[in-house]
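The stops below follow one another, each with something to pick and something to look for.

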Amino acid sequence: MHHHDEAKESNNIELLITLMGGSVDHEVARRVLRKFDGDVEKAASAMLEGDRGEDTQSSLWTSHSQMEINQPRPLPPPAVRPNSPINIDLTGDDDQNDELSRALKASLETASQESPMFGPSERPPDANWAMVPSNVGQSQNNIAADDLDRAIQASFDQADTGDEYQPLPLDQQWRKEGWPVTLRPTKHTMVYAALVLHALFYVPQIRERVANWRPALPEGVTEAEPPNNGPELLMWKLVETFTNMDLAKLVDLDAHEVLEGFKPEPWSNPAQPPGELSQQPGFFEKVAGALDKVFTNEFIRIGQAKYYVRIMQFQYGDSSFDDEPGELLQDASIVRVEALGRSETNDLVGRLSAQLSNNKDDIKRQVIFEPSEVIAFHLARSGTVTGERKPFKYPKHVYLDQFLKENVELAERKRVQQRDLHAEVQKLVLHNKSLTHFNDKDTLTDLRSSIFYYENVADAKGDDERARVTKIMANKLKSILAQVEKEIKVLDVNIANMRDQAATLLDCPELQRARYDLRAVLVHDGLYGRKHLYSYVQEKDAWWRIEDTSISQVSEGNVLEDSVGLHLGAGPYLLLYSRALPEGAKMLDLQWPPPIKACGILFSCRNTHLTFRIRSM
């Protein structure tokens, strides 16, 4: 049972009705006011949210009693003080104490009345009324960043990307002699996957193996129909595609059929780098696993399993595997490399060496037990960079000897020497700084200023002794400056030599036998869409840039120094290397399946079910 001051409650009810624009029933105002124990501000806020005081025990957050969110809330008029002004005469002499007492009493009564307070509400946010996710615990910067992300996502969702598949006009379809072809999907979300298959064609070891593959046939059978599923079906589709890429007369080939077999995840999120979709356990790993499985089965079938050489999947594990047999070896076809490292190690070999080391035990490293003919590197950019952004460097050739199990001890001795050289370089750098700076001041500049003063400013005032001392001081300072400059020059030469020695320490003949050559580079310029992904491929000693339907020949420098997407956290994201071919070796005419070669003039040969006619193997 609530006990109320009737006069005070009546005044507060009138004030509440006034705040609500006069549209509230007197009894409703009374119920809500009593529900909040006479607190006018809380009662007004509750009524704005639809509370009518029917159930004084119900929760404040009950959504069914709230006003429609899209209904405009009535704006409260300026507060009107319910009491009429109190006039007190303090000038009279009679009954002065009575008048003063009445004034104090009136002042206290007025101050005790609960008048509305305007400003930010101290109530916790009601999730039912939230127009955006609750911001409890979030900073203003986080809220702004989230809003920006949503706005960018919405713009991508609503914008016309212009990525519809546009076939080339027939007069532009004919392939130029010696030029590569494009392999384009009908859906722009599949471009990254088509680029991977396209790039694999330009890896000589893969192209040769695919061309020579033939399906297994039962005894006495000379023809094979397409498999219904499994890795063999994927290989079948890849054989069809590669044959067309090698022999077709048209330059623009459709990748839809072959991609249907592999079922890659679509690139539908603009915020997701395409390289993440290729990385394990993504599309590239799926393709590599299927190819290696088919090739392995083929060698087993013909009784040459012991001669099998891994094509795309290498085997790696801890360097201490022999001493700790409980460790497991693993297969992989793609190596993730963080491409936002420090500038001095922001290159492929430097980052690999840093990542494969165990921070707690430098002797314990991840090494390759069985190398593959092909190795891929996913250049990830998940970190942050302070200062100037610099392109990630990758070489034309890379030697994997230092990462092989058989070279662990030799490579580690070289790395110990490297660390010793780096430590010595650091000492020389610190000594150099001690010569040139003191208390954050440039000592060489101060020396030159002092010399200038004694030679050009100091006035002997006709005093020969003073002139002699001034000259002696100038000569001494010049001698000191010359000695310091000479020592700095020697230090700079030693530092440069030691750095060069450390950089080339692993470039010894014993660690330069497993050479891998760059075959293809996949690039993302940082934006979303079909025309924001392109590749570089090497064909017949020439490099080509392929972007959608555009094909152009480029220099090797363009391939190795492409800085596109640098300030968008993008750029080259997938590198394909394969083992170097013997000196002077050339790609021979490949033995593609005759039925595919006989497919008309080889426009594209898609949407066909071809029959292999093969000899027993």
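Select Ile206 and show its neighbours: leaving out residues up to four places away in sequence, Ile206 touches Leu200, Phe242, Leu291, Ile311, Met312 and Val374, where a contact means heavy atoms within 4.5 Å. This is a predicted model, in which local features need pLDDT of at least 70 and side-chain atom pairs pLDDT 80 or more, while totals for chains, interfaces and linings use all residues. Numbering runs from 1 along each chain as its sequence is written, and side-chain values use heavy atoms, without hydrogens and water.

Ile206, Leu197 and Leu200 have the most contacts inside the largest nonpolar core, a set of 64 residues. Such a core consists of buried Ala, Val, Leu, Ile, Met, Phe, Trp, Tyr and Cys residues joined through side-chain atoms within 4.5 Å; buried means under 20% relative accessible area, with a 1.4 Å probe and protein chains only. Helix 6, residues 191-201, contributes the most, with 10 residues. Val337, Tyr394, Leu400 and Tyr536 belong to a second, separate core of 30 residues.

Next, display residues 204-212 (helix 7) and 283-301 (helix 11), whose axes come within 12 Å and cross at roughly 55 degrees. Helix 7 is therefore oblique to helix 11, the class for angles that are not under 35 degrees (roughly parallel), over 145 (roughly antiparallel) or 65 to 115 (roughly perpendicular). Axes are lines fitted to C-alpha atoms over the stretch in contact, with angles from 0 to 180 degrees between N-to-C directions. Helices are DSSP runs of H or I with at least four residues, and strands are E runs of at least two, numbered from the N terminus. Ile206, Arg209, Val210 and Asn212 of helix 7 meet Leu291, Phe295, Glu298 and Phe299 of helix 11.

Stay on helix 11 and pick Glu285. Is Glu285 buried or exposed? Glu285 is buried, at 12% relative accessible area.

Move to helix 14 (residues 443-457) and helix 15 (residues 464-503), whose axes come within 9 Å and cross at roughly 155 degrees. Helix 14 is therefore roughly antiparallel to helix 15. Among the contact residues are Leu444, Leu447 and Tyr454 of helix 14 and Met473, Leu477 and Leu481 of helix 15.

Finally, select the whole protein chain, which has 17 helices and 17 strands. Of its 617 residues, 39% count as buried.

Key. Buried means under 20% relative accessible area, exposed over 50%, partly exposed in between (1.4 Å probe, protein chains only).
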